[in-house]
Amino acid sequence: MMANSLGKLAESGAFGLMQDRVEKWNNNYQLNTTDQNISLCIEIIELTSRLQGQLFSLLNLCALEGGEYAGCDALKKRLLPWLSSGFAISTAHLSSDTSLSIIAESTEKERQIENLQEEYEKQLDEMESDLNKSQSLADNLSAELDKTQAQLNTERELSLEDSIAKDDQVKSLQSRVLALQGEVNFYKNRSSVIDDYEIESQRLRDEISLLREEKAILTGRNDLILASSPSTKTNFLTGEVFQRVRQTSLVSRFSDLFAKDRMDAMDVLRNHCQDHELNQKIVFTCVQEAFHAAKVAFNRYRTKVFSALQDTHVGPEPLSDAVQKYINKNGQLLDVHSIVEDVLTALNRHPVISFPAEVNFRILTLFIREVVKVSWSMTALPAPLDIAPAREGELFSEVKYRRTYDSEYTAPLVAYYIWPALMNNKGDVLLKGEAVTRRGGALASPRRSRSPSRAVTPRSRSPSPRRNMASPMSPAGSRPGSSLSPRPGSAASSSLSLY
C-alpha cells in the first residue's frame, strides 16, 4: 500500500510542476500586476498544501506499517517541534531564507550533476565513434600493407626464377620500389602506427639490390665484363659483387644452423645421452671438425684446378684470378659423403669428447652434412670465411662470444664452447658465438679411451684429418696426379674445356 502510494506520487511529477510554477513566476514577476503575482503565489501555496497532505498520508501509512511504536523518536524530535512552530521553521538552527537557499543549492547541484552526466555520455559516445573510425583506418592500412608485402614477395620470387632478366626488368623493379616507397610514406603520414614500414621497405630494397647483383652473376654478365675490360680493377669489382651476394646468404645460413639445426641435433643426442653439457660439447666439436675437413678437401680441389689450368691458361689476367673465377662458377660441393666420413673419423679420434659405447656418432650425419655444405661454400669465397679458433680454459672474449644464461658473468675463463664465432679473412667478427664461463672450470679435459664399437678404419687420404693442413687459398698440400673433379662427368669437370 505504502509503496504504491509513493510510486504514484513519484510518477505524478508534482514537485517538478511546482518548481516550474516558481520559475515561471520568477521570470514574469516584473511584468505581472500585483493581483497576478498574488494569484500565482496562492496557486503555489495550494499546490504545496496538496503535496503536504499527500506526504502526511504517506507518513501515516509508513507509521502504520512499522507497528505501534515505530518512528516515535523521529516524530518527537523532528515533526512535533516543526508542527509547534506553525510550519515556519524547519529546524532550530536554520531560518526560512537559509532553508530555501539550501534547497536551491541542492537543486542547482543536481542540475549540474545531470548536465555533467549528459556531457560525459556525449563525450563517451564521441570517443567511441572516433575509436571505431581509427580502428577501421588501421585495419585498412594493415590490409593495404599486407597487399603491398604480397606484391613485393611475388616480384622477388619472379626475379629469382627469371635468370635471363634484362635491364628493363631491373628498372621496372626500381620504379616499383620507388612507387611503393611513395605509398609507404603516404600511409605513414596518415597514421603513426606504420612507422616501422620504412625499415621494412629499406630491407626489401636491399634484398632487391642483392637479387639484381645475383642475376648479373647467374646470367653470365660477368664474363662479358671481363672480356670487354680485362683489367684488374674490373675483376676486383666483379669478385666483390660475388663476395657480397654469397657472403650475405652464407651468414644467414650459418645463423640458421645455430638457431634450428643445432637444436635438432641436440634433440637427437638427448635420446641417447642425458648429459646436456656433453651434448653441447659434441655439437661444437662437430662444427669445428666439419670446417676443418671442408678446408682440407677444398685445398685439394683448388690444387687440382690450379694444376689443370696452369698449362692451358692464356690471357692478360693472372692465373690465380682464373682459378678463382672457375671456382666461383663450378666450385659446388660434390663429394659430401667423403668429407662427412672424415668428420666422423675425427670425432671418433677426438681426445676430449666421449660417448656411450653402444652409440655411434653417425646419428649426427644430417647435421654434419649441412655444416659441411656451409663450410665448403664459405671456404670457396674469394675472401673466405672461417670460424674462430677456440680452446677450453682460454680467456673469454667479449668481442667474439656472448655468455649463456647459466654462465657466471664474473668468471674470466671459458669452461666450454657452445657455438663458434664467424670471422672474415681480415679478422672481423661477423657473428658472435656462445660460450659458458664458470669459476674453477677445467683448463683441460682428460684423454678418453676409445670405445670398441667405434673403432676407426684408416682411410686412404691421411692418418689424421688435422695433419698437413694448407691455407684455403694456397695450392700446396695436395696429391699430384689426382683428377680435377670428385665425380667423373660432372658439371665441374666438363667446364674445364672452357679454359
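Predicted model: local features only at pLDDT ≥ 70, side-chain atom pairs only at ≥ 80, totals over all residues.
Visitor: What makes the contact between α10 and α13, and which classes of residue does it have?

Guide: On the α10 side, the residues include Val283, Cys286, Val287, Phe291, Phe298 and Tyr301. From α13 come, among them, Phe367, Ile368, Val371, Val372 and Trp376. By class, the contact has 15 nonpolar, two polar and one charged residues.

Visitor: Why are α12 and α13 called roughly perpendicular?

Guide: Their packing angle is about 115°. The perpendicular class covers 65 to 115 degrees, so α12 and α13 are placed in that class. Their axes are 10 Å apart, and α12 passes α13 in a right-handed crossing.

Visitor: Which residues meet there?

Guide: Val336, Ile339, Val340, Val343, Leu344 and Leu347 in α12 meet Thr365, Ile368, Arg369, Val372 and Trp376 in α13. Sorted by class, this contact has nine nonpolar, one polar and one charged residues.

Visitor: How many residues does the largest nonpolar core have, and which have the most contacts inside it?

Guide: That core has 50 residues, and Phe254, Ile368 and Val372 have the most contacts inside it. At least two residues each come from α9 (232-270), α10, α11 (319-330), α12 (336-349) and α13. The largest share, 13 residues, is supplied by α10. Apart from this core lies another, of nine residues, including Ala388, Phe396, Tyr401 and Ala435.

Visitor: What does isoleucine 368 touch?

Guide: Leaving aside residues up to four places away in sequence, isoleucine 368 touches Cys286, Val340, Val343, Leu344 and Leu347. Cys286 is one of the α10 residues in the contact with α13, while Val340, Val343, Leu344 and Leu347 are among the α12 residues that meet α13.

Visitor: Why does lysine 281 count as buried?

Guide: Buried means under 20% relative accessible area. Lysine 281 has 17% relative accessibility, so this residue counts as buried. Lysine 281 is found in helix α10. Not counting residues up to four places away in sequence, lysine 281 touches Ile353, Glu392 and Tyr416.

Key
Residues numbered from 1 in each chain as written. Heavy atoms only, no water. Contact = heavy atoms within 4.5 Å. Helix = DSSP H or I, 4+ residues; strand = E, 2+ residues; numbered from the N terminus. Nonpolar A, V, L, I, M, F, W, Y, C, P; charged D, E, K, R; others polar. Core = buried A, V, L, I, M, F, W, Y, C linked by side-chain atoms within 4.5 Å. Buried < 20%, exposed > 50% of the residue type's maximum accessible area, 1.4 Å probe, protein only. Axes fitted to C-alpha atoms, helices over the stretch in contact; angles between N-to-C directions. Parallel < 35°, antiparallel > 145°, perpendicular 65-115°, else oblique. Left-handed = near helix turned anticlockwise from the far one by under 90°.
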